[in-house]
Amino acid sequence: MTKPIHILNGPNLNLLGTREPEIYGSMTLADIEFACEAHARQIGATTVFRQSNHEGQLIDWLHDANVNASAVVFNPGAFTHTSVALHDAVRAIEPPVIEVHLSQTAAREPFRHHSYIASAARGSITGLGLDSYLLGIEAAVRCVAKQ
Ligand code: DQA
């Protein structure tokens, strides 16, 4: 893979570690970034890891990924359940997008049961904590290999 996998994170994920640890665990976003980078390296990929609390910034990063990434691993946070604009941006770009979530959203409040991203993404991995990201990276590599 010549281009990196872009790992994009949405709102409030910068607070991981202290934010509702009974749901999201005790790892910080920096811990997740470190683990993703190491896992990607083991399977011959590189990563660019980003987080924003702003929907427009995430849209700009998806557009950037269209040019500069081989694939995207995307945790849109709460925008998952609200954002037609992110759905459209995922549909608009060429590289495969794997949606990931730390928590099992289907087992949580009803407002988390619908994802605007799932129908635009190549696939979704939810509920496995850090492993959602690591499996998301593996899925991204496998999608790119099949192209
Ligand atoms: C989340 C699930 C979302 O419902 C929530 O708003 C988040 C985190 C997850 O990774 O489990 O911020 O995307």
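**Entry 1: the R50 and D64 pair.** I looked up R50 and D64 in this predicted model and found their side chains joined in a salt bridge, at 3.0 Å from N to O. I counted a salt bridge where a side-chain nitrogen of Lys or Arg lies within 4 Å of a carboxyl oxygen of Asp or Glu. R50 belongs to strand β2 (residues 47-51) and D64 to helix α3 (residues 55-68), so the pair ties together parts 14 residues apart in sequence. I took helices (H or I, at least four residues) and strands (E, at least two) as DSSP runs, numbered from the N terminus. R50 is partly exposed, at 24% relative accessibility, and D64 is partly exposed with a relative accessible area of 24%. Here buried means under 20% relative accessible area, exposed over 50% and partly exposed in between (1.4 Å probe, protein chains only).

**Entry 2: other salt bridges.** My search of the whole structure gave four salt bridges. I noted E37 with R41, the closest N and O atoms being 3.6 Å apart. These two residues are four apart in helix α2, which means that about one helical turn separates E37 and R41. E37 is partly exposed at 38%, while R41 is exposed at 57%. I also noted E109 with R112, at 2.7 Å between the closest N and O atoms. R112 is buried, with a relative accessible area of 15%. Salt bridges with shared partners link R108, E109 and R112 into one network.

**Entry 3: the nonpolar cores.** I defined a nonpolar core as a set of buried Ala, Val, Leu, Ile, Met, Phe, Trp, Tyr and Cys residues joined through side-chain atoms within 4.5 Å. The largest has 24 residues, and I5, I7, C36 and Y133 have the most contacts inside it. Helix α5 (130-146) is among the elements giving two or more residues to this core, and α5 supplies its largest share, seven residues. Another core, of 18 residues, lies apart from it and includes L8 and L62. I listed the contacts of C36 (heavy atoms within 4.5 Å): not counting residues up to four places away in sequence, C36 touches I7, T47, F49, Y133, L134 and I137.

**Entry 4: the chain and its confidence.** I recorded five helices and five strands. Of the 147 residues, 48% count as buried. The mean pLDDT (the predictor's confidence in each residue, from 0 to 100) is 98, and 100% of residues reach 70 or more.

**Entry 5: conventions.** I numbered residues from 1 along each chain as its sequence is written, and side-chain values use heavy atoms, without hydrogens and water. Local features needed pLDDT of at least 70 and side-chain atom pairs 80 or more, whereas totals for chains, interfaces and linings use all residues.
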